[in-house]
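Here is a short report for a reader new to this structure. Look at the sequence and the model first, then read on.

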Amino acid sequence: PGMIEPLPLYQIRELRWKLCEGKSVLNAAESATIALRVIRALSSLHAAYDADGNALHPLPLVHRQLSESSNFPHVVQLLLAKSPDLVADAATLLKTILEHNDERIKCLFLSGAFFF
């Protein structure tokens, strides 16, 4: 019959089973790179500024969710990856998230991102 309500991907059992069965096609770094590029594409589709370059308030939902205290440290942690592509994508995503987000910039030091 399908899904009754939308769920986060990690809660869909069938998807987890499908991704974990048999020999993996992608290694961890490759799958993280693909996931990060999907998130980057989503955040770039919902720009934080209008056609004139003025910041939008409130920020688009994807920017607000990525900058929440429960998600932002995970994005910053990607800067520690050994894959140069993953680090570059993470830095681009951080720039996109922080571009017009004054509240997150004020407490950026708490994430440790400035060490990298």
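## Terms and model

Buried means under 20% relative accessible area, exposed means over 50%, and partly exposed lies in between (1.4 Å probe, protein chains only). This is a predicted model, in which local features need pLDDT of at least 70, side-chain atom pairs count only at pLDDT 80 or more, and totals for chains, interfaces and linings use all residues. Residues are numbered from 1 along each chain as its sequence is written, and side-chain values use heavy atoms, with hydrogens and water left out.

## A nonpolar surface patch

Ile34 counts as partly exposed because its relative accessibility is 45%. Ile34 sits in helix α2, residues 28–45. Helices here are DSSP runs (H or I, at least four residues), as strands are (E, at least two), and they are numbered from the N terminus.

Ile34 is one of the residues in a nonpolar patch on the surface. Patch residues have over 30% relative accessible area and no salt bridge; like charges are joined within 9 Å, nonpolar side chains (Val, Leu, Ile, Met, Phe, Trp, Tyr) within 5 Å.

## Salt bridges

A salt bridge is a side-chain nitrogen of Lys or Arg within 4 Å of a carboxyl oxygen of Asp or Glu. By this rule there are three.

Asp89 pairs with Arg37, and their closest N and O atoms are 2.9 Å apart. Asp89 lies in helix α5 and Arg37 in helix α2, so this pair ties together parts 52 residues apart in sequence. Asp89 also meets Arg40 in a salt bridge, at 2.6 Å from N to O. Arg40 lies in α2 and Asp89 in α5, so this pair ties together parts 49 residues apart in sequence. Asp89 is buried, at 7% relative accessible area. Arg37 is partly exposed, at 43%. Arg40 is partly exposed too, at 27%.

Glu99 forms a salt bridge with Lys95, with the closest N and O atoms 3.9 Å apart. Glu99 is partly exposed at 37%, while Lys95 is exposed at 54%. Shared partners join Arg37, Arg40 and Asp89 into one salt-bridge network.

## The largest nonpolar core

A nonpolar core is a set of buried Ala, Val, Leu, Ile, Met, Phe, Trp, Tyr and Cys residues joined through side-chain atoms within 4.5 Å. The largest one has 14 residues. Phe72, Val76, Leu93, Leu94 and Ile97 touch the most other members. Helices α3, α4 (72–77) and α5 (84–98) each give two or more residues to this core. The most come from α5, with six. In soluble globular proteins, nonpolar side chains tend to be buried together.

Contact means heavy atoms within 4.5 Å. Leaving aside neighbours within four places in sequence, Ile97 contacts His63, Leu66, Ser67, Phe72 and Val75.

## His46 in its loop

Where is His46 placed? His46 is in the loop between α2 and α3 (61–66). His46 is partly exposed, at 42% relative accessibility. Its contacts, leaving aside neighbours within four places in sequence, are Pro60, Val62 and His63. His46 and His63 are 17 residues apart in sequence and 8.1 Å apart in space, C-alpha to C-alpha.

Conventions: Accessible areas come from the Shrake-Rupley method with a 1.4 Å probe; for residues, only the protein chains shown count as cover.
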